[in-house]
Amino acid sequence: MSGVILVLSGPSGCGKSSLTNEVLAKNDDIYFSISTTTREIREGEQEGVNYHYISKEQFQKEIEEGMFLEWAEVHGNYYGTSIRPIEQALQEGKLVIFDIDVQGHEIVKKRYASIMTSLFITTPDEEVLKTRLVNRATDSLEVIEKRLINAKSEMARICEYDFLLINNDFAETLEKFEAVLKVARLKQSCQDREQFCTGW
């Protein structure tokens, strides 16, 4: 059987990265799609671990060459997903996790709907999200306000996702997240099912 895809979306600061890091540490058959971005590298981040960091000129060149599965401009910077490593991981039968925004989710769904499961993660309310963003201390207050505005527009599209997790208690949310991973692995394309039936 080929691999499957899990798309994660949700406001910055809702806990997507922390949840993903937990499952990556325990599973070697998961490929986390590392996005390419034009934003500045933050303290503590590493090239090829958090993001692939390139210039806006290089990013625009690769857009023209059709090298991205999806891309978007967010808060003045470009973010995108390179196609090659995704296809390789799927051929190896891995579960591919995307951490992308609602625009990216729509694009991935158009290409991989038959093997894709989607999950939206958020906080109990806006105030909790704002507190987490402030405590994270990685963005200016101006950027935080932009992130909160963006979060409201993303929340309006949660019904487009298969699952919704409200990250109020991390341990409980992690348990539910792992359950969604198991469900995602059970999803197979029609082509895979047809091949199975023929072989059976």
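Biologist: Is E65 buried, partly exposed or exposed?

Modeller: This is a predicted model, and every value given here is computed from it. The side chain of E65 meets that of K61 in a salt bridge, with N and O 2.7 Å apart. K61 has a relative accessible area of 42% and is partly exposed. For E65 the relative accessibility is 44%, and the residue therefore counts as partly exposed.

Biologist: How many salt bridges does the structure hold?

Modeller: A pair counts when a side-chain nitrogen of Lys or Arg lies within 4 Å of a carboxyl oxygen of Asp or Glu. K16 and D99 meet this rule at 3.9 Å, N to O. By this rule, the number of salt bridges in the structure is twelve.

Biologist: How many residues apart are K16 and D99, the pair that links distant parts of the chain?

Modeller: The side chains of K16 and D99 meet in a salt bridge. K16 is buried, its relative accessible area being 9%, whereas D99, at 22%, is partly exposed. K16 belongs to helix α1 (residues 16-26) and D99 to strand β7 (residues 95-99), and the separation between the two is 83 residues.

Biologist: Which helices hold E126 and K152?

Modeller: E126 and K152 form a salt bridge, with the closest N and O atoms 3.6 Å apart. The pair ties together parts that are 26 residues apart in sequence. E126 is partly exposed at 39% relative accessible area, while K152 is exposed at 51%. The helix of E126 is α5 (residues 126-136), and that of K152 is α6 (residues 141-155).

Biologist: Which element gives the largest share of the lining of the largest pocket?

Modeller: The largest pocket has a volume of about 1300 Å³. The elements that give two or more residues to its lining are α1, β5 (68-74), β6 (77-82), α4 (102-112), α5 and α6. The largest share, six residues, comes from α1.

Biologist: Which residues lie nearest the centre of the largest pocket?

Modeller: The lining of the largest pocket comprises 45 residues. By class, they divide into 13 nonpolar, 14 charged and 18 polar. Those nearest the centre are S12, K16, S17, Y51 and D99.

Biologist: Which residues are the closest to the centre of the second largest pocket?

Modeller: The second largest pocket has a volume of about 170 Å³. Its lining is made up of 13 residues, which divide into eight nonpolar, two polar and three charged. The closest to the centre are T122, T123, D125, E126 and M155.

Biologist: Which element gives the largest share of the lining of the second largest pocket?

Modeller: The elements that give two or more residues to the lining of the second largest pocket are α5, α6 and β9 (163-166). The largest share of that lining, four residues, comes from α6.

Biologist: Which residues does S35 touch, not counting those up to four places away in sequence?

Modeller: S35 is found in the loop between β2 (30-32) and β3 (36-37). At 10% relative accessibility, S35 counts as buried. Leaving out residues up to four places away in sequence, the residues that S35 touches are Y51, H52, G80, T81 and D99.

Biologist: How far apart in space are I107 and N135, C-alpha to C-alpha?

Modeller: I107 is placed in helix α4 and is partly exposed, with a relative accessible area of 31%. Beyond its neighbours within four places in sequence, I107 is in contact with L69 and E70. I107 and N135 are 28 residues apart in sequence, and their C-alpha distance in space is 32 Å.

Conventions
Residues numbered from 1 in each chain as written. Predicted model: local features only at pLDDT ≥ 70, side-chain atom pairs only at ≥ 80, totals over all residues. Heavy atoms only, no water. Buried < 20%, exposed > 50% of the residue type's maximum accessible area, 1.4 Å probe, protein only. 1 Å grid on protein atoms, 1.4 Å probe; cavity = no way out; pocket = protein on both sides within 12 Å on 5 of 7 lines; lining within 4 Å. Points joined across faces, edges and corners; volume = space filled by probe spheres on them. Nonpolar A, V, L, I, M, F, W, Y, C, P; charged D, E, K, R; others polar. Contact = heavy atoms within 4.5 Å.
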